[in-house]
Amino acid sequence: MQRYKILIASAFVVFTLSVFISRAFNAESTKAPKKAVTASTIEKDPKIDKEVLLYASRQKKLQAALNAYFKKAIANGDVVGAGVSIVTGDSIVISDGFGTKKSTDNSPVNGETVFRLGSLSKGFAGMLAANIKHEGKLNWTDRVSDYLPEFQLGDGSNTKSITLANILSHTSGTPYHSYTNLVEAGLPLKDIAKRFKEVMPISKPGIMYSYQNAMFALCGEMMKKATGKRINTLLDDRFFKPLEMCTTTTDFETLTHEANIAMPHVKARNGWRAAHLRDNYYNAVAAGGISSNAHDMGRWMRFLLGHNPDVMDSSAIREAFNPFIEISGHRKYYQRWPGHTRSYYGFGWRIHKFTEGQANVEKTIWHHGGSVNNYRNEIAVYPESDLGICVLLNNNSPIAKTVIPDLYEIVKKVYKEEEATTSKRM
């Protein structure tokens, strides 16, 4: 009898283990990656959504077109290396690299290769300010002097009129690039803030657009006072971590230990020569101290297009793109883009209006360029088209001025061709 009970108990244990293992195996199986979808699998299995095939076809054609574009630019000596991301809707369609990380070797750039962003950092700072404002801890009309008592520009009346909105939109009345040299020299922002009393304003606040680095960077000090946290921590906690931008950083030490990095390049007699990484702008993170890669910038653009409402509400995101001041003239490179009608500056972003097509429908671009330590970058988001394009370059390439409209045309062409082909099949 005892032996019989032991046998029953053993059988029960074996049965329980088999059920457990079976469930575990099935659970793992559901997590396994799906097979690549091809035309033949579509025909054999009509249950597969044809949208998947359309997506794969567009992605393949985009990749081929970008390969040809950057192959030509590299052959012409215009580009050393580039990290490129293209977002359509909720998808990062392209996150890839072209060329090399360093001119003296053949190590290729890929979607994870890190570049310094330069003034693309301003877009992060403007969005962070909008995030904190949405939380109720900051307002666009808050006065700089209330957060930084040492700050003074012009007389007392003028100083009290300068707001967060003014420094984020380059309308504080400060002369063009005032004290950028002090930022480059690594002075603490609080020391730079004191120096503005020696500057003569060129206009009243809110009247004139005059591009800044030092003045703009003071927004980081205001956000620190409002939240009790440094801008580095705020960016990490509110954007980088929740968006899984795992390689995006704000300090020089981390950058120097990055293995997959595109080195900066300067013009040389026979092409481009690799230069050294510099530690400038890490005292002014809001103005130019962020580093990232193509894949993370794809995640950033997807967020800007409103596809991460859990991280930030779309209405709050849109506040950073409020056209606060018009940028006059037609001499800037972006003012010569096809169909351009006018440009504004919001909070860390340029907002362009352009027309296209026979109907001359007006559309919008949220844009910024960036240049630091011989890196040159461009980002453009097309809200009406649910499209984002970002190009990171490790040299001051001449194509930077036209790469956004060039890639926009490539995307349009691929999508129109695919739509026409799909219509014929149906």
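The structure is a predicted model, in which local features need pLDDT of at least 70 and side-chain atom pairs count only at pLDDT 80 or more, while totals for chains, interfaces and linings use all residues. Residues are numbered from 1 along each chain as its sequence is written, and side-chain values use heavy atoms, with hydrogens and water left out.

Glu-409 forms a salt bridge with Lys-412, and the closest N and O atoms of the pair are 3.3 Å apart. A salt bridge is defined here as a side-chain nitrogen of Lys or Arg within 4 Å of a carboxyl oxygen of Asp or Glu. Both residues lie in helix α16 (residues 403–425), 3 residues apart, which is about one turn of the helix; helices (H or I, at least four residues) and strands (E, at least two) are DSSP runs, numbered from the N terminus. Lys-412 is partly exposed, with 22% relative accessibility. Glu-409 and Lys-412 also belong to a network of salt bridges that links them with Glu-356 and Lys-363.

Side chains of opposite charge can pair when their charged atoms come close. The count for this model comes to 14 salt bridges. One of them joins Arg-302 to Asp-90, with 4.0 Å between the closest N and O atoms. Arg-302 lies in helix α14 (residues 294–304) and Asp-90 in the loop between β1 (81–88) and β2 (91–99), so this pair ties together parts that are 212 residues apart in sequence. Arg-302 is buried, at a relative accessible area of 18%, whereas Asp-90 is partly exposed, at 46%.

Glu-244 forms a salt bridge with Arg-299, and here the closest N and O atoms are 3.7 Å apart. Since Glu-244 is in the loop between α11 and α12 (252–256) and Arg-299 is in helix α14, the pair ties together parts that are 55 residues apart in sequence. Glu-244 is partly exposed at 47% relative accessibility, while Arg-299 is buried at 17%.

## Thr-247 in the loop between α11 and α12

Thr-247 is placed in the loop between α11 and α12. Thr-247 is buried, with a relative accessible area of 18%. When residues up to four places away in sequence are not counted, Thr-247 touches Glu-112, Val-114, Glu-258, Ser-291, Ser-292, Asn-293 and Asp-296; contact means heavy atoms within 4.5 Å.

## Surface patches

A patch of positive charge on the surface gathers Lys-190, Lys-194, Lys-197, Lys-224, Lys-225 and Arg-230. Patches are made of residues with over 30% relative accessible area and no salt bridge, with like charges joined within 9 Å and nonpolar side chains (Val, Leu, Ile, Met, Phe, Trp, Tyr) within 5 Å. Lys and Arg count as positive and Asp and Glu as negative, with His and the chain ends not counted, and the place of a charge is taken as NZ of Lys, CZ of Arg, CG of Asp or CD of Glu. Helices α9 (189–195) and α10 (214–227) each supply at least two residues of the positive patch. Arg-230 is found in the loop between α10 and α11 (231–240), and is partly exposed at 48% relative accessibility.

Ile-202, Ile-207 and Met-208 form a nonpolar patch on the surface, with about 280 Å² of accessible area together; such areas come from the Shrake-Rupley method with a 1.4 Å probe, and for residues only the protein chains shown count as cover. Ile-202 lies in the loop between α9 and α10 and is partly exposed, with a relative accessible area of 40%.

Beyond residues up to four places away in sequence, Gly-206 touches Asn-166, Thr-171 and Ile-325.

Leu-387 is in strand β12 (residues 387–393) and is buried, with a relative accessible area of 4%. Leaving aside neighbours within four places in sequence, the contacts of Leu-387 include Ile-86, Val-87, Thr-88, Leu-305 and Tyr-408.

Technical notes: Buried < 20%, exposed > 50% of the residue type's maximum accessible area, 1.4 Å probe, protein only.
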